[in-house]
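Dear colleague,

I am passing on the structure we spoke about, and my notes on what was found in it follow below. Please read them with the sequence and the coordinates open beside you.

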Amino acid sequence: MKKEIIGLSDIEAAKRLKEYGPNEIKEVSKTSPFRILFRQIRKNFIFYLLLAAAIISFAVGKQITGAVILGVVFLVVSTGFIQEYRAEKAIAALKKMILPLTAVVRNGEEKEISTTEIVVGDILVLRSGEKIPADCILIEGEDVEVNEAVLTGESADIEKREVLSEDKYDKKNMLYMGSFLVNGKCFAKVIHTGMDTKFGQIAGLISTVEKELPLQDKVNSISKVMVGIAISISLATGAIMLMRVPSLSAEHITEILILIIALSVSAFPEGFPVVLITTLAVGAQRMAKQNAIVNRMSIIETLGETTIICTDKTGTLTVGEMTVRKIIIDKDIYLVSGVGYKSEGRIEKNNNSIDIKNDKYLSLLIRASILCNDSKIEKEKDGDEYSVLGNQTEGALLILGIKAGIFADSFNAERKQETPFSPERKMMSVLIKEGSGNFVYAKGATEIIIGKCKKTIENGQEVGLTEERKKDILRINSQLSEKALRTLAIAYKPNDGSATDYSEENLVFLGIVALEDPPRDEIKESIDICRKAQIKVKMITGDSSETAEAIGKQVDITGNILTGEQIDKMSDEELKSAVLDTAIFARVNPEHKLRLVRSLKKNGEIVTMTGDGVNDAPALKEAHIGVAMGKNGTDVTRSVADLTLKDDNFATIVSAIREGRTIFNNIRKFVTYQLCDNFAELSIIFVGVLLSPILGWEVPVLLALQILFLNLVTDNMPAITLGLNPSSGDIMTYPPRKRSSILNKLHIGVIIFLGSFMAVSALLVYYITFNIFGQSTDVARTSALVTIILLEVVNAYSFRSFRKRVLTRSLFINKYLFIASILSISATILILYTPARTVFSTAPLSPALWLLPLFSAFIILLIQDIFKSLPSEKVKSFIKALSA
């Protein structure tokens, strides 16, 4: 490998590439089971504690105890391994859900193929906004500019030139994999693919590990506190036991040491990382099933905090299939039937079908619409439906041609020059050689095109364009926009100059094409959901204010309107004040979007912003959640976005926010649940040691193997399933959560109260069984063990929701929890009524002795259900604060 790659060292380039995460290069570091297993062993402190306990047990002749502890070691490591492996496989699968496609010319035809199928020698068709998928040489193209920041770190766009000879080329003729085409359209020949590209040569230095999650930091902070508490109480318990032993022996020391280790293990929240990864991965998979692909796992938490959604109109609020509805030429109005990208339909005037051959200027307008066009259409295998390769509006113009019987490939025309469309220019023009003549064709915003025109059509003749006629045309354009129709003006002129040069002035105004992109059926419902969730929705569009307002009324987005021109005149402080009260932003460009995001953030809002164009990338990157379009978006926006919509649908954003809220709630539930259990287990052992000389109990109340069984079977399993809880029906009726920690004071209060209740219940059952019923220590221990197991299982059902009662809900709402609880109870019965009881030192309980544990479980369930149903406003506020 060369030391320098396009002016940047390998190490620097690798750092730069880490931010972008290319999909096209095969990852060097795959999901390896052996690596995950090694990571589980290396990072799992519990593994070393239990291994030490097993070695000590074997050393003092306790083979059965040592063997059981080794079995526990295997379960701890294998559980973590299975969960992490499945999570990583799920995340890897998400990355493959949106496969990049590239247009290539093969056998003389342009077609779209997967980027992974590109081979050396392919001719690529590259358009503005696309990521370059291989190292290529530029063989044809005008005004081609690329951004190579991914490789060089330089933000300035670089001009590229056509190669004079395919055997002789340098950097000026090269298009490098990973860079972006930011201007122009070109044809390029592939010379290197994959790992043979400049991009690929440094791929081995890229770390594919994602940045640490903010949620993970919060979970780690809780874990550190619990570790400190666990070690302190475990050591204190061991010290008290040592002081009470009349004569120390190796066996006593060993038993106390194993108990300390077991107690530490039970209180260590070692399941947190596994449950966190599993919850996030499953949540991301659920989002993917709803067409939302998570590009960065770290944004899932932020999704649930969203307060404002800034959404594009076209293709997001609307169906995204433009259809030509009207054509206005002079005073004639032509109506076009048919919907979407189907050839079905016809052109009518005064309810009569039009013979296009007998209408000179209609034919010329459609011809101009087809020739001044960078897109392609392909017929689907069955029926009369077409797919569009390129811009959706341009695709609609090509479909118009098919309805008129005019096909793009039927022209004997050669494009000589092109001035591409840009959001700043709001128009496009081409120079076409047809036969012996040269013609300029142009299309764009009516107010822009009309300013370039000197003539128009009146009564079938080309006449001078007067100021009065301009006003009439703009008035007609405004009327169409008020009806939510998108308008494009079409113009042309014979080019009297050379065949390689032209100007966009002195055009002949042909007419206006009015297109419609109807709102999606589900949009009004989605916006209503946002309103109930106190999430504001703002429409941002490049269309006129009249069109935006008309669509806004249809989808129930109404309020003040700001145009890009008005935004330009505002200071940052003025925009900050105006932006919150504005519902619709019209005629905006990408620079306006960036200012809007910054203004909303200054107001303390959590902003989700959608975008599809190449210049939308800065705004998406600035927003808390950048959302790219999977169908019609560019590679540039997808590379910086946090979320990609496979269906470009606004409703999918709302579903993703719902899932983000659900995931955070689930994490909060399993953390609170597991800490309740850990607190209870620590309290039982510690308080039991303190009470033992008073009540004549043997210590400890629970043996080391019983604690380990409790930790694995009835602690970790339900906690994992709580992370898979489905979304509650009312989760989108609460306001967005402010940025907060996983646990607040109320959660800590719940942990202490329920943990104490569980500990007291288990100790009380032990007391009644041993001191009142006169049963043996083994029976009393078993009763206390069964009590805490049932309490934890019942508690898990209560933790499915902080608001809803258990006794009025189905047990199968979370089927995974139901399975986990059945397994926990079955395992408990197994160690009570089979030879396994000799290993765990348990005793079979009579039916009468089961009543105390069952009664304790019912009481804790009843207390929580009664509390949740109290009508007191203070109680309701408390429950709401737990869920917020």
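How many aromatic pairs does the count come to? In this predicted model, the count comes to eight aromatic pairs. In one of them, the ring centres of Tyr673 and Phe799 lie 6.0 Å apart with their planes at 70°, so the pair is edge-to-face, given that planes over 60 degrees apart are classed that way. Tyr673 belongs to helix 22, whereas Phe799 sits in the loop between helix 25 (777-798) and helix 26 (815-833), so this pair ties together parts that are 126 residues apart in sequence. Tyr673 and Phe799 are both buried. Elsewhere, ring pairs join Phe439, Tyr441 and Tyr492 into a cluster, and Arg737 is placed over the face of Phe664, 3.6 Å from the ring centre.

Phe650, when its neighbours within four places in sequence are left aside, is in contact with Ile309, Thr311, Thr316, Leu317, Ile523, Ser526, Ile527, Cys530 and Val537.

For the protein chain as a whole, there are 29 helices and 32 strands, and buried residues make up 54% of its 884 residues. The chain exposes about 38,400 Å², of which carbon and sulfur atoms supply 55%.

Notes: Residues are numbered from 1 along each chain as its sequence is written. This is a predicted model: local features need pLDDT of at least 70, side-chain atom pairs count only at pLDDT 80 or more; totals for chains, interfaces and linings use all residues. Side-chain values use heavy atoms; hydrogens and water are left out. Contact means heavy atoms within 4.5 Å. Helices (H or I, at least four residues) and strands (E, at least two) are DSSP runs, numbered from the N terminus. Buried means under 20% relative accessible area, exposed over 50%, partly exposed in between (1.4 Å probe, protein chains only). Accessible areas come from the Shrake-Rupley method with a 1.4 Å probe; for residues, only the protein chains shown count as cover. Rings of Phe, Tyr and Trp (its six-membered ring) pair if their centres lie within 6.5 Å; planes under 30 degrees apart count as stacked, over 60 as edge-to-face and the rest as tilted. A charge sits over a ring if NZ of Lys or CZ of Arg is within 6 Å of the ring centre and within 35 degrees of the ring normal.
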